[in-house]
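Welcome! Please take a look at the structure below, and then read on for a short tour.

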Amino acid sequence: MIFSKDSRATSWVESANDSQYPIQNLPYGVFSNSGSSPRVGVALGDQVVDLCALHEAGLFSETSVGSENVFANDALNDFMAMGVEAWRSVRRQLVALLIAERTTDACDVAIEPNTTLREDAGLREKALVTRANVQMHLPSRVGNFVDFYSSKEHATNIGSMFRDPSNPLLPNWVHIPIGYNGRSSSVVVSGTDIVRPSGQTKADAAESPTFGPCRLLDIELEIGFLTGPANKLGSPIPADKAADHLFGMVLVNDWSARDIQKWEYVPLGPFLGKSFATSVSPWVVSLDALAPFRVAQPKQDPPVLPYLRTDGDWGFDIDLRVHLKTATMSEGDTICRTNFKYMYWTIAQQLIHQASNGTNVEPGDLYGSGTVSGPTPDSYGSLIELCWKGTKPIKLSSGEERKFLADGDTVILSGCCHAPNYQVGFGKVCGTVTPAR
Ligand code: MN
């Protein structure tokens with residue numbers, strides 16, 4: 001169920017139209033309200049559509065999700081495991097239930113409205129929940145968290161600062177989507193406070209290291225994807241099957257302790273400087289909702305090895321922003337504007353590469369893209385780049401300056417795709433820094 005880029009389709013839930021969550025989006029999340037147990041819903045305007053209630057009402061009986069209520073669940077993993085046919089049948093049914101009138105805006109086929117929900121006040125009462133009143137949870141139980149390093153601009157900036165400005169990229173960077181297998185237990189949903197980590201650091205001039213609160217706390221603006229069905233241990237995912245394993249995308253703030261990272265990361269790469277917290281946005285935007293916003297990825301030169309070659313466009317035109325709000329500010333300042341389309345390595349290549357040695361991807365795994373940095377200094381997705389290793393502090397509208405994060409600072413990442421007549425929004429991922437314990 002892929003809408004065309006110039007779709008004008010609307011929902012009878014009027015708040016959906018002109019919102020970040022129109023009928024063309026329908027992102028999945030896990031929510032609860034007034035003490036109820038968490039369950040699966042989709043965002044639609046200022047409402048959450050309760051899929052658990054729709055399943056109980058028998059409205060998914062014609063889809064391929066089966067008779068057991070996969071939406072009466074505190075995580076999307078079981079639904080993710082069902083695969084692309086189930087995801088598409090549910091999306092098609094939701095569009096039919098929620099669309100205002102017959103449409104031919106979909107690229108594949110005309111959609112006839114199903115008025116069952118619209119005309120049943122009792123069911124509407126149960127299945128439409130005001131979004132402002134719900135609590136959002138992590139969308140999946142993240143068994144495995146992987147973080148890549150896929151922006152050439154970011155890798156070049158970091159390589160220039162920490163290694164050699166005349167030769168910032170290691171020779172493998174253009175051949176391998178560089179990444180590391182991270183820590184899933186500290187993946188948290190948007191709104192969770194971030195406790196400043198402590199760790200071992202060593203100042204350049206000091207002879208020996210000390211242990212204490214991180215002084216160079218940073219963000220990383222990333223997009224993450226969540227995976228669908230598993231591959232069998234020992235069986236790689238071939239390039240032409242990557243799409244079958246991609247459920248959807250979220251915003252990711254991969255909090256980073258630069259002073260801890262700098263001292264520990266040679267020779268093995270990121271460890272405690274990265275593993276204390278990773279925040280994700282609660283609404284998972286499906287690949288079908290993002291399909292109208294596919295663009296060609298940057299040209300890869302030299303050509304990649306055959307196992308990493310994919311067909312079609314794997315770039316995504318997603319506008320991204322970083323807001324920083326200190327404890328004294330009532331509104332944040334925008335400190336970065338960038339776009340996901342700049343990423344050199346694609347989400348398909350990240351997945352293919354990870355599974356190329358036969359490791360098993362599981363439903364609900366989280367893959368961070370790595371910091372999304374664009375070509376200009378205002379499009380860098382981390383403070384260490386925006387402030388160039390602390391040499392160019394950001395002047396905020398409150399009169400304050402920042403090189404790295406202070407206690408009480410709130411960081412808000414947002415993302416949105418823009419079509420002529422609608423938007424597909426990611427919402428936000430936010431977190432506030434609290435003092436070290
Ligand atoms: Mn990262």
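The model is predicted, so local features need pLDDT of at least 70 and side-chain atom pairs count only at pLDDT 80 or more, while totals for chains, interfaces and linings use all residues. Residues are numbered from 1 along each chain as its sequence is written, and side-chain values use heavy atoms, with hydrogens and water left out.

Let's begin with the cysteines. Taking a disulfide as a pair of cysteine sulfur atoms within 2.5 Å, the count is zero. Cys416 is in no disulfide, and its nearest cysteine sulfur belongs to Cys417. At 6.5 Å, the two sulfurs are too far apart for a bond.

The table gives relative accessible areas; buried means under 20%, exposed over 50% and partly exposed in between (1.4 Å probe, protein chains only).

| Residue | Relative accessible area | Class |
|---|---|---|
| Cys416 | 6% | buried |
| Cys417 | 0% | buried |
| Met1 | 2% | buried |

Now for the sheet. Strands here are DSSP runs (E, at least two residues), numbered from the N terminus, and two of them pair if DSSP finds at least two bridges between them. Five strands form an open sheet with mixed pairing, in the order β9-β26-β25-β20-β21. Because β9 (194–195) and β21 (333–339) each have a single partner strand, one side of each edge strand lacks a neighbour in the sheet. Nine bridges join β25 (residues 410–418) to β26 (residues 423–434) in the antiparallel sense. His418 has Gln423 of β26 as its bridge partner.

Finally, Met1 lies in the segment before β1 (28–32). Its C-alpha atom is 45 Å from that of Lys403, 402 residues away along the chain.

Technical notes. Helices (H or I, at least four residues) and strands (E, at least two) are DSSP runs, numbered from the N terminus.
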